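Here are my notes on the model you sent over.

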Amino acid sequence: MVMSYLKKLYAFIIFFFLYAPIMVLIVFSFNESKSRGSWDGFTLKWYIELFQDRQIMSALYNTIVIAILSSTIATAIGTAAAIGIHNMKQFKRSMVMNLTYLPVLNPDIVTGISLMLLFIFLKIRLGFLTLLLAHITFNIPYVIISVLPKLKQLNKHIYEAALDLGASPSYALRKVIIPEIMPGIITGFLLAFTLSLDDFVISFFTTGSGVSNLSITIYSMARRGINPKINALSTIMFVTVLLLLIIVNKRMSKTNIIKE
Amino acid sequence: MKKIIKAVVAMVLISTVIFIMTGCGQSKPTLKVYNWGDYIDESIFKDFEEEYGIRIIYDTFATNEDMYIKIKAGGSDYDVAFPSDYMIERMISEDLLYEINYNNIPNYKYIGDEFKNFSYDPTNGYSVPYMWGTVGIIYNTTMVDDTVDSWDILWNEKYAKQILMLDSQRDSIGITLKKLGYSLNTKNVDELEAAKDALIEQKPLVLAYVGDEVKDKMIAGEAALAVVWSGDAVYMNWENPDLEYAIPKEGSNLWFDAMVIPKTSKNKENAELFINFMSRTDIAFKNADYIGYSTPHIEARNLLDEDLINDPTAYPELEDLVNCEVFKDLSDFLREYDKIWTEVKAR
């Protein structure tokens with residue numbers, strides 16, 4: 001009895017500390033005053049101002065477009081690379097894997113500065129394209145790392161069986177291997193998407209004039225204080241993700257019931 | 001699974017199309033402006049675009065050093081930037097700025113003469129002041145009963161654990177040097193050592209070394225005394241009338257943010273057009289009114305709220321500023337400041 005009570009308390013404390021900051025942020029997005037030190041009454045003005053703020057809106061747009069494009073492209077490249085690496089000989093595979101791990105272990109700032117220097121050296125004007133290339137670059141290793149374990153679990157006889165039954169290698173790849181490793185691909189895609197969404201350091205160095213993402217825009221407000229418009233934006237993003245999760249969970253549990 | 005793949009492909013296609021579409025139709029000339037975050041009334045962009053047909057691309061930075069890296073490294077092409085005093089000095093000495101043709105900026109005459117010819121730009125050839133202010137002490141009158149007119153109060157044990165210091169090496173070491181009667185641009189190692197000892201002596205009394213959150217803490221009454229910038233002090237006093245601001249008699253830091261044209265600019269004349277536009281009375285007023293910092297623009301200042309014009313926090317008498325100094329670029333000597341600040345913070 002006491003134990004179960006303690007267990008619940010423990011879980012409550014964990015969730016409290018995880019979500020309390022977000023709750024505070026949401027509450028203060030409705031604060032009339034710009035300061036977090038005082039509560040001057042309820043208002044929706046920050047939400048209205050948010051949608052009129054050209055800078056934040058274009059930053060949001062850049063962030064989302066970059067996240068979608070870079071994670072999709074990185075997933076395609078990363079999955080192909082993972083399948084290739086999986087079929088390599090032992091020595092070659094471990095060498096390529098080490099090369100893949102290196103950018104993951106490398107501090108972001110080193111990646112950021114070296115990419116910036118590379119782009120400047122190649123005389124590519126810093127901007128949307130370089131930002132996208134940089135995001136694809138740092139996303140690829142994460143996709144490879146999430147797809148490879150699925151390939152290891154894969155029974156290689158399934159592929160051989162498909163070939164025996166007359167499938168061409170590319171047909172077997174599309175119909176047998178890809179569906180089998182799909183969970184790994186989706187994990188890789190989501191990981192790449194979130195990493196791209198909240199990357200600051202690499203973006204800071206690889207973007208040029210006129211293109212900035214949300215993390216850069218928010219960081220640049222540090223001297224004058226974070227504008228409550230950002231609270232409003234974060235609230236909208238949090239609620240959107242929450243709703244998406246609820247919908248996905250609902251649908252998952254529905255299909256599970258049908259399967260049973 | 002197929003559905004997911006299809007959805008993903010569709011999303012990519014749609015976003016690419018949107019991207020390409022927004023990429024087109026930008027035949028209008030553009031001007032790239034690089035400013036501090038939340039440091040302009042963004043509605044003025046529209047005015048500028050309507051009047052001159054030049055589209056403004058606006059980016060923001062958080063520190064002078066961030067901006068410096070972007071401009072120094074190349075690869076960017078900003079036309080107008082807003083660095084602070086010591087950074088302007090450094091950029092001039094590294095030949096990163098264009099000399100401004102003041103014939104293209106007739107509105108320069110509205111900038112008060114007392115804001116020209118400072119050490120960071122002694123010939124006034126490279127910069128047009130945008131905002132200015134001081135560093136001082138903000139105190140809560142319900143918690144402090146001594147008169148606040150000296151930095152010494154930050155060393156008073158009566159206020160132990162009620163003092164907030166800035167987590168910024170130049171500012172914190174600077175005011176300590178001022179308290180000891182030295183210049184805040186000193187390159188004398190002995191004077192710096194004395195400042196270090198004073199800061200270490202003060203450390204047990206300090207509640208926290210803070211950045212931007214100082215505003216919320218002071219408004220909420222969490223501390224009695226804090227070192228702040230004057231522009232923020234105006235805002236804090238507005239939110240909590242118990243807070244008063246004082247510039248200590250030993251002197252303090254006087255700072256400027258000014259508009260400059262980096263050498264990355266591809267169209268210097270449009271940049272000058274923009275600077276002139278920013279110095280126009282109605283526009284300078286809009287910005288000063290939105291930001292709440294002190295404007296060096298005389299006509300714009302007169303349009304401001306009566307209370308603000310007469311507020312000595314925002315617009316102190318010039319004789320109060322006699323002992324104040326502008327930060328100078330310390331170049332390599334900055335390492336000594338780094339070292340001292342690390343030692344203080346590590347205690």
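This is a predicted model: local features need pLDDT of at least 70, side-chain atom pairs count only at pLDDT 80 or more; totals for chains, interfaces and linings use all residues.

1. Let's start with how chain B is divided. The domain assignment gives domain 1 as 2-131 + 256-316, and domain 2 as 133-254 + 320-346. Their C-alpha centres lie 29 Å apart.

2. Now for where the two domains of chain B meet. Domain 1 puts 17 residues in contact with 16 residues of domain 2. On the domain 1 side, helix α4 of chain B (residues 85-93) gives the most, with 5 residues. By type, that side of domain 1 divides into 8 nonpolar, 5 polar and 4 charged residues.

3. Which residues touch the most other members of the largest nonpolar core? They are V80(B), A81(B), I88(B), M259(B), V260(B) and I275(B), in a core of 51 residues. Both domain 1 and domain 2 of chain B give residues to this core, so it lies between them. As a general point, nonpolar side chains tend to be buried together in soluble globular proteins.

4. Leaving aside neighbours within four places in sequence, I88(B) is in contact with P83(B), Y120(B), D121(B), Y126(B), S127(B), A258(B) and V260(B). One of these partners, V260(B), is also on the list of core residues that touch the most other members. Apart from this core there is another, of 33 residues, and V135(B), L154(B), M218(B) and A233(B) are among them.

5. Next, the sheet. In chain B, 3 strands make an open, parallel sheet, and their order is β2-β1-β3. β2 and β3 (80-81) of chain B are the edge strands, each pairing on one side only. β1(B) and β3(B) pair in the parallel sense over 2 bridges. In β3(B), V80(B) stands opposite V33(B), and V80(B) also belongs to the largest nonpolar core.

6. Last, the contact between the chains: how many residues does each one bring? Chain B brings 31 and chain A brings 32. On the chain B side, the elements giving two or more residues are α1 (2-23), β1 (30-36), β2 (55-61) and α7 (214-219). That side of chain B divides into 15 nonpolar, 6 polar and 10 charged residues. Note that β1 and β2 of chain B, which turn up here, are also strands of the sheet in point 6.

Note on methods. Residues are numbered from 1 along each chain as its sequence is written. Chains are lettered from A and ligands numbered from 1 in the order in which they are written. Two residues are in contact if their C-beta atoms, placed from the backbone, lie within 7 Å. Helices (H or I, at least four residues) and strands (E, at least two) are DSSP runs, numbered from the N terminus. Ala, Val, Leu, Ile, Met, Phe, Trp, Tyr, Cys and Pro count as nonpolar, Asp, Glu, Lys and Arg as charged, and the others, Gly among them, as polar. Two strands pair if DSSP finds at least two bridges between them. Domain bounds come from an automatic or database domain assignment. A nonpolar core is a set of buried Ala, Val, Leu, Ile, Met, Phe, Trp, Tyr and Cys residues joined through C-beta atoms within 7 Å. A residue is buried if 20 or more other C-beta atoms lie within 10 Å of its own, exposed if 12 or fewer, and partly exposed in between; C-beta atoms are placed from the backbone.
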